Amino acid sequence: MELKQHVVGAFTDRVFQGNPAAVCVLSEWLPDKLMQNIAKENNLSETAFTVKKGSEYELRWFTPGGEIDLCGHATLGTAYVLLRFFETDCDELSFQTKSGRLIVKNVNDLYEMDMPAYPLTEVPVTDEMEQAIGFRPLEAWMGRDLVCVMADEHQVVQAVPDEEKLKKLDGLLLQLTAKSTSYDCITRSFAPKLKVSEDPVCGSGHCHVIPLWAKKMKKSQLTAFQASKRSGVLYCRMENDRVTLAGKAVLYSKAQIYVPEEIEE
């Protein structure tokens, strides 16, 4: 069996920046184990698999450590591939996912994603958080992920979290965030529980931090910077319990994946 795969840099217009996602457009679903093995072999933070169903696409995301319920950058990457190579006569796509229907629109040179905001509950800051991060957070919030608000952007940039200690904290990922001098907010995302040391640009992470900063800053439109080594910029808008995340994308590669028949099942 041969599969086509594209690798797209999300939230950037330059290769080697943003967050790379592998995208496999399928005619029918593969066994879960095979999709997981492909994600492990790619060793990117996300590999997206999509199958057209009627006028919509079903979409699933796999990290090297397992399937995840929501991924922004791989959704953006999938929309980029579909609109550029498969659905060239339209500028909007609808995806059915584990987090419900997600709409992506191509507006000028940006891909706008309508995504759910995670409800957050404030939790106590603990010594374990400080020991895992290397700095003591000002605040801590829990959604799917643990969100730690830091004293300033320098702590976000300079943090070198202890992966083993991070694994013992609550939450699927750790989002470190602070106010920024050049943007509205700055964030870094860590996912050792999913075998991803640091996610270069995390869309679902911004479904946590944007609602938080929108409330704190009393504004609905924010520009966010992801301070990983690759970095990326997200243009964000809050609308009730939804977050619109917009960013650019760039194609890095096209490839053929060869799966021997004896391991297809």
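Sixteen residues line the largest cavity, and Glu46, Ile68, Leu173, Asp199 and Cys202 are the ones nearest its centre. A cavity here is a set of points, on a 1 Å grid over the protein atoms alone, where a 1.4 Å probe fits but cannot get out, and lining residues have an atom within 4 Å of a point. Two or more lining residues come from each of helix H2 (72-86), strand E14 (196-199) and helix H6 (203-217); helices (H or I, at least four residues) and strands (E, at least two) are DSSP runs, numbered from the N terminus.

The model is a predicted one, with local features needing pLDDT of at least 70 and side-chain atom pairs pLDDT 80 or more, while totals for chains, interfaces and linings use all residues. Numbering runs from 1 along each chain as its sequence is written, and side-chain values use heavy atoms, leaving out hydrogens and water.

Leu146, Phe190, Pro192 and Lys193 are among the residues lining the second largest cavity.

Then there is arginine 60, which sits in strand E4 (residues 56-63). Arginine 60 counts as buried because its relative accessibility is 17%, and buried means under 20% relative accessible area (1.4 Å probe, protein chains only). Leaving aside residues up to four places away in sequence, arginine 60 touches Trp29, Asp32, Met35, Thr47, Ala48, Phe49 and Glu67, with contact meaning heavy atoms within 4.5 Å.

Definitions and conventions: Buried < 20%, exposed > 50% of the residue type's maximum accessible area, 1.4 Å probe, protein only. 1 Å grid on protein atoms, 1.4 Å probe; cavity = no way out; pocket = protein on both sides within 12 Å on 5 of 7 lines; lining within 4 Å.
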